[in-house]
Structure formats: structure tokens, C-alpha cells
Amino acid sequence: MSVTSKEHHDKPLRVAVVVGSVREGRQGRAVADWFLGAAADDPGLDLDVIDLAEVDLPLVLPGWGGAPDPETAAVLAGVSPRLAAADAFVVVTPEYNHSFPASLKNFIDWHHAQWQAKPVGFVSYGGLGGGLRAVEQLRLVFAELHATTVRDSVSLHGPWSGLGADGTPRDADVCTGAAKGMLGQLAWWGRALRAARAERPYAG
């Protein structure tokens with residue numbers, strides 16, 4: 001392993017955790033907080049939470065070659081550099097009508113290069129399916145953005161009965177094991193792709 005490769009391997013992995021739901025009464029932030037707790041004992045991860053309830057982006061995007069208005073530019077200035085600096089992403093998403101929230105798709109669409117050649121993991125929740133249909137659709141979206149989604153995800157079924165009042169899954173051992181398994185894959189891809197981008201910038 002070269003000195004440069006070793007430096008990239010040993011450096012903590014910057015992971016942006018995107019909370020996709022903005023709905024009133026949402027479970028998303030509680031689920032995200034549980035996940036952060038499950039990941040907190042890994043010293044190799046540097047976690048940055050981006051809660052879309054705190055990111056006010058309009059639904060109307062500029063035309064090709066256009067620029068956002070000053071208010072939107074200010075919002076992007078607060079969040080886009082954090083995506084660009086991330087080595088990997090974890091998306092926390094519910095399932096709405098067999099898919100993921102419009103707020104999440106809008107946030108994804110406001111960015112492009114920030115996602116490229118980086119891995120994405122998922123924590124989903126909702127009903128009997130545990131949000132898996134939302135995740136499968138998100139895999140298609142991120143593939144178009146040249147991102148790599150990791151195989152394993154964390155799926156919390158029926159959060160209104162499956163989660164305690166503090167957002168902790170009632171079946172904590174199984175869910176925490178799933179989170180650590182997903183993070184292991186995310187970390188492998190995150191470090192491998194970070195070293196690859198440093199050696200040869202991704203051309204798209």
C-alpha cells in the first residue's frame with residue numbers, strides 16, 4: 001500500500017446521513033437518532049446529519065445552464081459543500097405510497113456531482129414492507145447519478161409498533177446487527193472509492 005493510499009485508508013470516513021422525511025409527526029428523526037447511536041462506537045466514521053426538514057429548497061429548479069435565485073443559493077451554500085465533502089452517504093427514508101418522499105427526490109435532484117463515485121447505504125422504515133420498496137426505487141435514482149449503493153440495508157418494519165417512544169427498535173439486537181453490517185459494506189466501498197478518486201478523479 002502506498003503512503004497516499006494508507007493516508008486515505010486511515011483517515012476517518014465522512015458519512016453524510018440524510019433524513020428524508022419532512023412530514024409532521026414523522027418518525028424519521030427518531031430513526032436517524034437510533035442509527036447514529038448504533039454507529040457511534042465506530043471511531044472510523046465521521047457522521048454529519050443533514051435533516052431535510054431544515055433544508056428549504058424550492059420545487060422549481062433552474063433551467064439548463066441557469067443559476068438559482070439568491071435565497072436558494074444561500075440554502076445550497078449551507079448544504080452542498082457538506083455533500084461534496086462526504087465520502088459516503090446513508091439515506092434514512094420512509095415509504096410513502098410504495099415509494100420515497102418527494103422532499104428526498106427534490107433534494108437529490110438539486111445536486112449531481114456531489115453524489116458521483118461514492119457509496120450510498122439505506123435505513124428505511126414503514127409498514128409491513130419496512131420501506132424496502134422505497135429503497136429499491138432509490139437504487140435506480142442513485143445509479144443514474146453514478147453512485148454505488150451497498151447491497152445490505154437496514155429495514156424497520158411497522159415503526160409505529162416496532163419502535164419504542166424514544167425511537168429505539170424493540171428488536172434492538174437484530175436491528176443494530178443489520179446497521180453494523182450495512183456500515184461495514186459502506187466503509188469498505190467508501191475507503192476504496194475515496195482512494196480511487198484521489199488517484200484518478202472520476203470523469204463521469
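This is a predicted model: local features need pLDDT of at least 70, side-chain atom pairs count only at pLDDT 80 or more; totals for chains, interfaces and linings use all residues.
User: Which residues are they?

Analyst: The lining consists of Arg14, Val15, Ala16, Asp48, Arg82, Ala85 and Ala86. Two elements, strand E1 (13-19) and helix H3 (70-85), each give two or more residues to it.

User: Which element gives the most?

Analyst: Strand E1 does, with 3 residues.

User: And how much space is in there?

Analyst: The largest cavity holds about 30 Å³. A search of the whole structure for cavities of 30 Å³ or more finds 1.

User: Moving to the open sites, what is the volume of the largest pocket?

Analyst: Its volume is about 240 Å³. The residues around this pocket are Leu61, Pro62, Gly63, Trp64, Gly65, Gly66, Pro68, Leu76, Asp109, Trp110, His111 and His112. By class, the lining has 6 nonpolar, 5 polar and 1 charged.

User: What about the second largest pocket, in volume and lining?

Analyst: The second largest pocket has a volume of about 150 Å³. Val22, Leu52, Val55, Asp56, Leu57, Leu59, Ala102, Ser103, Asn106 and Phe107 line it. Here the division is 7 nonpolar, 2 polar and 1 charged.

User: Changing topic, in what order do the elements of the protein run?

Analyst: The protein has 7 helices and 6 strands. Starting at the N terminus, the order is α-β-α-β-α-β-α-β-α-β-β-α-α.

User: Why can the protein be called as compact as a globular protein of its length?

Analyst: The radius of gyration is 17 Å, close to the 17 Å that the globule rule gives for 204 residues, so the protein is as compact as a globular protein of that length. Along the principal axes, the C-alpha atoms fill a box of roughly 45 × 45 × 25 Å.

User: What percentage of the residues counts as buried?

Analyst: The figure is 44% of the 204 residues, where buried means under 20% relative accessible area.

User: Finally, what percentage of the contacts between residues at least 6 apart joins residues at least 24 apart?

Analyst: Of those contacts, 82% join residues at least 24 apart in sequence.

Notes:
Residues are numbered from 1 along each chain as its sequence is written. Side-chain values use heavy atoms; hydrogens and water are left out. On a 1 Å grid over the protein atoms alone, a cavity is a set of points where a 1.4 Å probe fits but cannot get out, and a pocket is an open set with protein on both sides within 12 Å along at least five of seven lines; lining residues have an atom within 4 Å of a point. Grid points are joined across faces, edges and corners, and a volume is the space filled by probe spheres set on the points. Helices (H or I, at least four residues) and strands (E, at least two) are DSSP runs, numbered from the N terminus. The radius of gyration is taken over C-alpha atoms; the globule rule is 2.2 Å times the number of residues to the power 0.38. Buried means under 20% relative accessible area, exposed over 50%, partly exposed in between (1.4 Å probe, protein chains only). Contact means heavy atoms within 4.5 Å. Ala, Val, Leu, Ile, Met, Phe, Trp, Tyr, Cys and Pro count as nonpolar, Asp, Glu, Lys and Arg as charged, and the others, Gly among them, as polar.
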